[in-house]
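Please walk through this structure with the sequence and coordinates open beside the text.

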Protein chains: 2
Amino acid sequence: MERRSMLGAGLAIAAAAGPGAERAAAQGQAPAQASALIEKKVFEGGAFRTRGGATIPNLRLGYQTEGRLNAAGDNAVLICHFFSGNSHAWGQVTANGPRGWWDAIIGPGKAIDTGRYFVVAVDTLVNVNVPDAGTVTTGPATLNPDTGRPWGMSFPVIAMRDFVESQKKLLDSLGVKKLALVAGPSNGGLQSIEWAAAYPDFCARVMPVIAAEIDAWLQGWLNIWAAPIRLDPNWREGDYYGQGREPPLRGLAEAWKIVTLHARDRAWAAQYDHKVPEGQDPARRIGDRFAIEKWLDDTVAARARTSDANSFLYMVRANQLFLNEYPSLAAAMAGAPRRWLMLPATTDRIFALEAVRDFAEVLRKAGKQVEMAELAGPLGHLNGVAGMAPHADRIRHFLAS
Amino acid sequence: MERRSMLGAGLAIAAAAGPGAERAAAQGQAPAQASALIEKKVFEGGAFRTRGGATIPNLRLGYQTEGRLNAAGDNAVLICHFFSGNSHAWGQVTANGPRGWWDAIIGPGKAIDTGRYFVVAVDTLVNVNVPDAGTVTTGPATLNPDTGRPWGMSFPVIAMRDFVESQKKLLDSLGVKKLALVAGPSNGGLQSIEWAAAYPDFCARVMPVIAAEIDAWLQGWLNIWAAPIRLDPNWREGDYYGQGREPPLRGLAEAWKIVTLHARDRAWAAQYDHKVPEGQDPARRIGDRFAIEKWLDDTVAARARTSDANSFLYMVRANQLFLNEYPSLAAAMAGAPRRWLMLPATTDRIFALEAVRDFAEVLRKAGKQVEMAELAGPLGHLNGVAGMAPHADRIRHFLAS
């Protein structure tokens, strides 16, 4: 698939968080520093055996690091990204480019202090930002060396656990012996939990933000997120790559629309209450739209051009396969690390506050030490990306505990 | 459009509420009575001028009544139906057919006592159950007498207020002078509120169940509900009626899927946690599904065959146009009737509990007397259809107050 734009991941965050989030992030930022640019690196992992039993011959994942690994190899922090994000979690990759999505809490002197910790963030397998030159992933848009054509829907199923295993290969290659912290928002929080289940002795602390169990309720919602892609006649069972074919941008845009609204809340949407765009008359013309609809349509049309529909479907499945190797959440968490900091958003419409509380209860019953604090703000779920600044001290203390 | 099935509205309720709901409704029913069958009637309203300024030459709406209107004409109760429902709110229309969706609280001797009140329920304009012979509506599937073909998307936009105006015509023709109560769940609650704004002196009491304001947040969600229909290539801009054409059943099914899950909650979905259907292996085959996905797919495929896609789009717009003639909710409610009973569902994912509380606050600030009680149960939003029995006494007292 051709790389249409270099803006993919940046737009991912803008589309995910919106202007309100940018303001919130800006308010929480430390004073501007003349820090060096972050170098985007590529991990060439060779053959990768998936948990489902398939082999990907050429694992390639982008990543970024800052700080120095100590001699014991135990001052590493792994930051896992959200559904639409990539490894650009902090700092600047280009001189005039945007800062990473958790820049409020990661960097020199910040809560997750790159002066003390060796911080790593990795582009997941099947990352959706395929057209973005700043994202390096292996997924359905990757060339299958056996056929010389993109894998499409013949790419093996990837589970959340495969995200962990591919990251483990990278961390091993970097000499990391132990993670002082594994953390991330949303899909990144799920990765953190999957890490805690798979490698409890490797993870000293776990910080899932805006994340809880993927139960049948959320498996159903993930199905709904994906459905518009399969409805788009341009999807062609995933066979849309190459000359003269159009990708299923309408279906992908509608898929992003669901994610975009689901990840927000009514307090955010209130800015569009009772508003109708210039020239529109939805009370008289059935094709006309309200202001919130126009904002959604414009936002997701742009987002579709910087992402890949098949990768979206694989990312949905990876989320549905959260902790799929364990008979229950309690079984998965029985041997998990002891120290947890959970940060739900009060008005999260994806991972409801009570679902996070239920998750914490499972941990506590298993004898874990769970600290919890709520993320406030009008953004709903996205408070876990854009609203982290007020919790910087709490995170700093958790890391020092 | 041919009438494919007589099961439409029955299935509407089954698909909306599911087996759990049927159990709940059954538990709440009064002892079986040898009550007479309810007769489905048709109101021939003649020419109808929409609030948007268009004229529909031949208004036809189905309705049912029970009880007797008193000499003053002021013992009438109007029951308004939900998005996917119809006027079959109580009783039996056929000897072996299902009982109506609020049968737990309406009927002889029940909370809304047809021995004391003249109870009326009306199929809305643009009702989605077009293939159901038990539903009579006027909408995009109706023949336009000017062309001899179905209106399709040339049917005029219908607002929530048009539901009220068409029902007012019927009530006037029946001799009703005043409603002792206007009530309904969800979209029926919105109609009740719209009645309260339009005809405050005509409505003594208002009981919106699982309903609050349609703000930009919900206008956006309504857009998302509708989007799959427009993606289906069989939709053809609404021109799918007639010989040799296939209606957009896949898109319509995906639209119903969103409604179906949105109207439930995680406690309901828990029965599908960690379940995979026989023969499916979603960890290895990207096209395979989890149990919750199969249940959704099966349920909505059946529901699509008993409903009409264009009518779904018009119903979405009618909901988006809730109270659209008023500058604000406070302005709409300033002159509203004084007595309100609001019944939100604690775990409603469409009309969140705090949204209902915000609505009640607007009413109280305007000097209204608002009683509120929460509907419990695992069904989320649908508790307002299937979980009414525990509130029967409260409703009886409200009516007597």
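**From fold to detail**

Chain A contains 12 helices and 12 strands. The model is predicted, and every value below is computed from it.

Begin with overall dimensions. The C-alpha trace of chain A spans about 65 × 50 × 45 Å along its principal axes. How does the radius of gyration of chain A fit that of a compact globule? For 401 residues, such a globule would have a value near 21 Å. Chain A has 20 Å, so the two agree.

Burial comes next. In chain A, 63% of the 401 residues count as buried.

Now the contacts in sequence terms. Take the contacts in chain A between residues at least 6 apart in sequence. Of these, 75% join residues at least 24 apart.

Turn to the pair of chains.

Next, zoom in on chain B and its helix H12, residues 392-400. Which residues of this helix are buried? They are Ala392(B), Ile395(B), Phe398(B) and Leu399(B). Viewed down the axis of H12(B), the buried residues fall within an arc of 125°, so they line one face of the helix. His397(B) and Ala400(B) are exposed, and they sit on the face turned away from the buried side of H12(B).

What does the buried side pack against? The partners of the buried residues of H12(B) are strands of chain B. They are E5 (112-113), E9 (179-185), E10 (205-209), E11 (339-342) and E12 (369-372).

Is Thr306(B) buried or exposed? Its relative accessible area is 3%; buried means under 20%, so Thr306(B) is buried. The side chain of Thr306(B) also has a polar partner: a contact of 2.8 Å joins it to the side chain of Arg303(B).

Notes: Residues numbered from 1 in each chain as written. Chains lettered and ligands numbered in written order. Predicted model: local features only at pLDDT ≥ 70, side-chain atom pairs only at ≥ 80, totals over all residues. Heavy atoms only, no water. Buried < 20%, exposed > 50% of the residue type's maximum accessible area, 1.4 Å probe, protein only. Helix = DSSP H or I, 4+ residues; strand = E, 2+ residues; numbered from the N terminus. Arc of directions from axis to C-beta. Contact = heavy atoms within 4.5 Å. Polar contact = N/O pair within 3.5 Å; in protein donor to acceptor, adjacent residues only side chain to side chain. Rg over C-alpha atoms; globule rule 2.2 N^0.38 Å.
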